[in-house]
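Let's take a friendly walk through this model, starting with its charged contacts and ending at its surface.

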Amino acid sequence: MKKTIIYSIISLILATLNTLQGQQLHRLKPYELVNRQYIDTQHSEKFAAIQVQDFQGRIKPISTLALELIRKIHGKNSFIYVDKENQKKQLTPIQVFIGMQYKPDSWQLLDFIKIEKKAIPALKDLIKINPSGHVSASQFFDFKGIYKLKSLVSSAYAKPPGKRTIFDKDIIKIDERLNIVWSIFNGQFLKIFPKIDDPDLTWYSPVASEIEFNKDDKHFISKIIPTYFSYLDLGIEKGNWQKANEVIELIKSFQQKNGKAILLSEKKVNTEIWFNKNHIFLWSLIGYTCFGSILMLLCFVRVLKKHKSTIQKIIKVVIFLLISVFILHALGIGLRWYISGHAPWSNGYEASIFIAWIGMLAGFIFSKNNSFTPAAAAILAICLLGIAHGSLMNPEITNLVPVLKSYWLLIHVAVITASYGFLALGSLLSLITLLIMCISTLIHKQETENTIQELTNTNQLTSTIGLYLLTIGTFLGGVWANESWGRYWGWDPKETWALISIIIYSFVLHIRIIIPKNYLYIYNVCSLLALSSLIMTFFGVNYYLSGLHSYAKGDPFPIPKWIYIIIPIILIIIIIPLLKKPVVKKEILVNYE
């Protein structure tokens, strides 16, 4: 029913394209369409501070809503267009969000809806897609208002989720983007009007005419947005934004009067807007990539070079820079915690960010033993932050689902995810150790043998701490499960794979007793391969299996192609040390007795 109404509205809007004005709009260039609805930056920043309620019930500044919607529709954090001087210009998400409601006739002609690359060949005969992989909303409908993807969408939704092809999923995503676009056009996302003494604490958009407000409030809601748009005309044509700014203050006063119970403080709103603009985790990723790569290179050079004093000084400077990035990373986690109001490890994105931070913490804890440790931790952080920011996970801050509204989120999930950081770091240290074994095979040096022992020693320590945390976290999870679901253990996929990981890492840490011969090599190979159990426990279960832990589930993403390149490389790294008879040390590296 809702889609029928939306498509009816679309048909009416598209009908205007047959008028003289519509034909004139078609002839305008993109920058001319943008100029028709270009919102002043300072004014848009004021509008961005208005609070809005999303469809999940979270109150947030419009700045956040605009960023999330534009990211979903366009696939980027801003809209880039070319002006008449052929220079690239940028519209912020809030400028796009306001413009789409103010001048939908212009925005339906601009190419800003993302099309998945794999879907382009199959759709190029139906819709005109520009080289960047974007298309305008008007392209999806003919002049009779018929939806060109209707049969494809119906076919995709008719299939069970498990039997949908990649193309089906892409079609569903494109259809969802188009629905979001038209919902923005008609103001459905503008839920900025709270109802006084509403027991459900629900806010409403100007199109929610069926809601019974009192007479004064109903009059205000019906008039304020049209009045605002008329003052936007004044601002765009004459540069006078004062009246439009006054309307924003009136809306804020209305919210303060009717929605004070759940209204955010001005400090929290400003903090969230700042957080949206300053991509802390992205900058952390860049910092870890730069300094981590340099540190790793320096560590390998130090192993092979005779004069090490100068290199050691440079290594200390790089580690200090990594600590600075680590502090920035911690600041981002703290701000996300403050903004969301709950511990920021409630979904895949947040857990990835937190595990990366814990991995770095573990790296610095053991940096005194070997400089390879913080370098390996930086590589781990790069991988996790890269996955989180590679369009595979949704960075949106959301309200907690009911089962997560518990102090156990702070305890159980923190302990479990922290264990992943320590265990993953141990596995990466194994990879580095095997690489040094390869070097030792080709160029034998006593220094390489010493480094192998040091790294294996550190690996055992980090893996032992990680195993303790994983075991404790699993037991704590059983207690939480009893509180939430009335049973301690139910062989849920997440529980099962957590147990499998405990068994695997327990075996790895006891290899020194089980297989003492050629211990160094076998231990590091098994420690590296054990990482696959963590990957399955964290990513595989969350994104590909269903169970009681599906509250943290995201959209399943395809296995990256580079995985099929990495696996053979790892196998080669494992095989090369076998070409030389490994040195077997009699002494036990770490005494756990």
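## A buried lysine and its partners

K60 has a relative accessibility of 0%, so this lysine counts as buried. In this predicted model, K60 makes a salt bridge with D54, where the closest N and O atoms are 2.9 Å apart. D54 is itself buried, because its relative accessibility is 6%. K60 also meets the side chain of E68 in a salt bridge, at 2.6 Å from N to O. With a relative accessible area of 7%, E68 is buried.

## A bridge across the chain

The structure holds 10 salt bridges. One of them joins E116 and R177, with the closest N and O atoms 2.5 Å apart. Here the pair links distant parts of the chain, 61 residues apart: E116 sits in the loop between β5 (113-114) and α8 (120-123), while R177 is in helix α10 (residues 166-185). Both E116 and R177 are buried.

## Two crossing helices

The axes of helix α4 (residues 41-48) and helix α6 (residues 93-102) come within 9 Å and cross at roughly 85°, so α4 is roughly perpendicular to α6. On the α4 side, T41, S44, F47 and A48 take part in the contact, meeting I94, Q95, F97 and I98 of α6.

L331 lies in helix α15 and counts as partly exposed because its relative accessibility is 42%.

Definitions and conventions:
Residues numbered from 1 in each chain as written. Predicted model: local features only at pLDDT ≥ 70, side-chain atom pairs only at ≥ 80, totals over all residues. Heavy atoms only, no water. Helix = DSSP H or I, 4+ residues; strand = E, 2+ residues; numbered from the N terminus. Buried < 20%, exposed > 50% of the residue type's maximum accessible area, 1.4 Å probe, protein only. Axes fitted to C-alpha atoms, helices over the stretch in contact; angles between N-to-C directions. Parallel < 35°, antiparallel > 145°, perpendicular 65-115°, else oblique. Contact = heavy atoms within 4.5 Å. Salt bridge = Lys/Arg side-chain N within 4 Å of Asp/Glu carboxyl O.
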